[in-house]
Amino acid sequence: METMTAIDVVVMAAGKGTRMKSSMPKVLHPLAGRALVQHVAQTAAKLGARQTVFVTGHGAEQVEAFLRQANPGQKMGFARQEPQLGTGHAVMQAMPLLPDDGLVVVLSGDVPLIADSTLTRLTRACDGQKLALLTVCPPDPTGYGRVVRNAQGQVQAIIEQKDATEAQKAIGEIYSGIMAAPAGLLRGWLARLDNRNAQSEYYLTDVVAKAVTDGVEVVAIRSDDLAEVAGVNSPAQLAELERIHQRRQAEQLMHQGVRLLDPARFDLRGELVCGSDVQIDVNCVFSGRVELGSGVSIGAHCVLSDCVIEDGAQILPFTHIEGESQGVKVGAGARIGPYARLRPGSDLGPEVHIGNFVEVKNSRMGAGSKANHLAYVGDTQMGSGVNYGAGSITANYDGAHKHTTVIEDQVHVGSNCVIVAPVRLGAGGTIGGGSTITKDTPPGALTVARGKQVSVANWKRPVKNKP
């Protein structure tokens, strides 16, 4: 039976991360587009934590401000660890915020891939009465606390590397840094810790021996997944964990039927929702929330964020789609790119074509409209069936304010035109190439606004003076 005890999570996030060689607090370094500590915060939320208490130290104000902004609906508390006197000392700082009726799960802010399913196993093993440890058996246990058992296999202690005997160093099972314990018992064990050890620190791991002395059962839940308990202490470790995480995300998508041409060259830094028969080429980056409809194809080297791509649309190579807060929508059967850029607020209808070196911002384009070459469409309401010529732009900014251009259905805009907003181009009209349009144009008319062409016979070009 599942325990009904409330769960309180403590996240240790006080370390400086010297080996990261960065002014940024270690737990704020990103993995898959999210801070390390944010991964842990989201896992705590999935676990159904009553509250999450973050123990901060180095860069505390920055870390706390980030967590408040990133988790507005999550009940959080903060405890400062200053000075930093060990892991046991860190958890001591959080205890005044934790009621005795809960079960405390201790996590590390630099261990981002711990799974909520694993933590559920751990809390069930704790059951509000025992001390539960998450352990692993890595190929090389050097540097980690060893799990010491008696002849009957019962856990007796955790001995840190610097305090271990040669026989203890030969033990292959290590403590992951993650535990679950009844809050009332944990409070008492922490109060009895001392720092008589090689590092003169208060070790959280010493609570194991305290529990054994008190006759409380200590249970070890073993994980076979080294990556989910791996911490980040250097840029190299961060990069290694990034690749592991990205490969796992790729495998999940392929299991759902998404065709990735090379899963080793794929980056998901947010949420990706795919319909059937989606194909993604190499070196694409997805961030925010991206939705790909059925039959969508994404070409190589594309960057997509916060957008919806509807069924059958083609996103050709080197296209950038940046939805941000306003989002971007690409209609069914549209063809975008290569080398196109869609900025926030772009809403493209079915069968729209956006070609190479075309930028669209905060604009709506109706069904079948096309801007195929070297153009800018900004703050524009464009109807259906419009052909927007190469080199043409909407001049939407007067230096102080943005203005809207309205282009009605079936308008043909010639090459190299400047459409100066606010202005309306009437349905079915044609704008002659090279025109600068500053006034509304009537429907069905040809409008030309350019200087008269002049030719000067026998004109001599200037020549350079000879030295």
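# Briefing: loops, cores and buried sites

Ala 32 sits in the loop between strand S2 (30-31) and strand S3 (34-35). This is a predicted model. The protein chain has 467 residues, and 48% of them count as buried. Its secondary structure comes to eight helices and 38 strands.

**Backbone: positive phi**

- Ala 32 is not a glycine, yet has a positive phi of about 55 degrees. With a relative accessible area of 3%, Ala 32 is buried.
- Glu 324 is not a glycine either, and its phi is positive at about 45 degrees. It lies in the loop between strand S19 (320-322) and S20.
- Is Glu 324 buried or exposed? Glu 324 is exposed, because its relative accessible area is 52% and the cut-off for exposed is over 50%.

**Backbone: cis peptide bonds**

- Glu 82 and Pro 83 are joined by a cis peptide bond, with omega near 0 degrees. Pro 83 belongs to the loop between S5 and H3.
- The bond from Ala 421 to Pro 422 is cis, with omega about 0 degrees. Pro 422 lies in the loop between strand S34 (418-420) and S35.

- Helix H1 (residues 36-46) has 11 residues, and eight of them are buried, so the helix is largely enclosed by the rest of the structure.
- The buried residues of H1 are Leu 36, Val 37, Gln 38, His 39, Val 40, Ala 41, Thr 43 and Ala 44.
- Helix H3 (residues 87-94) has Gly 88, His 89, Ala 90, Val 91 and Ala 94 buried.
- What do the buried residues of H3 pack against? Their partners are strand S1 (7-13), strand S4 (51-56), strand S5 (76-80), strand S6 (103-108) and helix H6 (183-191).

**Nonpolar cores**

- In soluble globular proteins, nonpolar side chains tend to be buried together.
- The largest nonpolar core holds 50 residues. Ile 280, Phe 286, Leu 292 and Ile 354 touch the most other members.
- Which elements give two or more residues to this core? They are helix H8 (235-255), strand S13 (266-274), strand S15 (284-292), strand S17 (303-309), strand S20 (328-330) and strand S35 (423-425).
- A second, separate core has 33 residues, including Leu 67, Val 105, Leu 107 and Leu 119.
- Leaving out residues up to four places away in sequence, Ile 280 touches Val 258, Arg 259, Leu 260, Leu 261, Phe 266, Leu 272, Phe 286, Leu 292 and Ile 298.

**Val 330**

- Val 330 is in strand S20. It counts as buried because its relative accessibility is 0%, and buried means under 20%.
- Beyond residues up to four places away in sequence, Val 330 touches Val 308, Ile 309, Glu 310, Ala 313, Ile 336, Leu 342 and Leu 348.
- Val 330 and Leu 107 are 223 residues apart along the chain. Their C-alpha atoms are separated by 41 Å.

**Lys 361: a buried lysine**

- Lys 361 is found in strand S25. Its relative accessible area is 9%, so Lys 361 counts as buried.
- Its contacts, not counting residues up to four places away in sequence, are Arg 343, Pro 344, Ser 346, Tyr 376, Val 377, Gly 378, Asp 379, Asn 396 and Lys 402.

**Surface**

- Phe 318, Tyr 339, Phe 357 and Leu 374 form a nonpolar patch on the surface. Together they have about 410 Å² of accessible area.
- Phe 357, one of the patch residues, is in the loop between strand S24 (353-356) and strand S25 (359-361).
- The protein chain exposes about 21900 Å². Carbon and sulfur atoms supply 50% of this area.

**Whole-chain shape and contacts**

- The protein chain has a radius of gyration of 31 Å. For a compact globule of 467 residues the value would be near 23 Å.
- The C-alpha trace spans about 105 × 65 × 40 Å along its principal axes.
- Among contacts with a separation of 6 or more, 41% join residues 24 or more positions apart.

Technical notes:
Residues numbered from 1 in each chain as written. Predicted model: local features only at pLDDT ≥ 70, side-chain atom pairs only at ≥ 80, totals over all residues. Heavy atoms only, no water. Patch = residues over 30% accessible without salt bridge, like charges linked within 9 Å, V, L, I, M, F, W, Y side chains within 5 Å. Areas by Shrake-Rupley, 256 points an atom, 1.4 Å probe, with all protein chains shown as cover. Salt bridge = Lys/Arg side-chain N within 4 Å of Asp/Glu carboxyl O. Helix = DSSP H or I, 4+ residues; strand = E, 2+ residues; numbered from the N terminus. Core = buried A, V, L, I, M, F, W, Y, C linked by side-chain atoms within 4.5 Å. Buried < 20%, exposed > 50% of the residue type's maximum accessible area, 1.4 Å probe, protein only. Contact = heavy atoms within 4.5 Å. Rg over C-alpha atoms; globule rule 2.2 N^0.38 Å.
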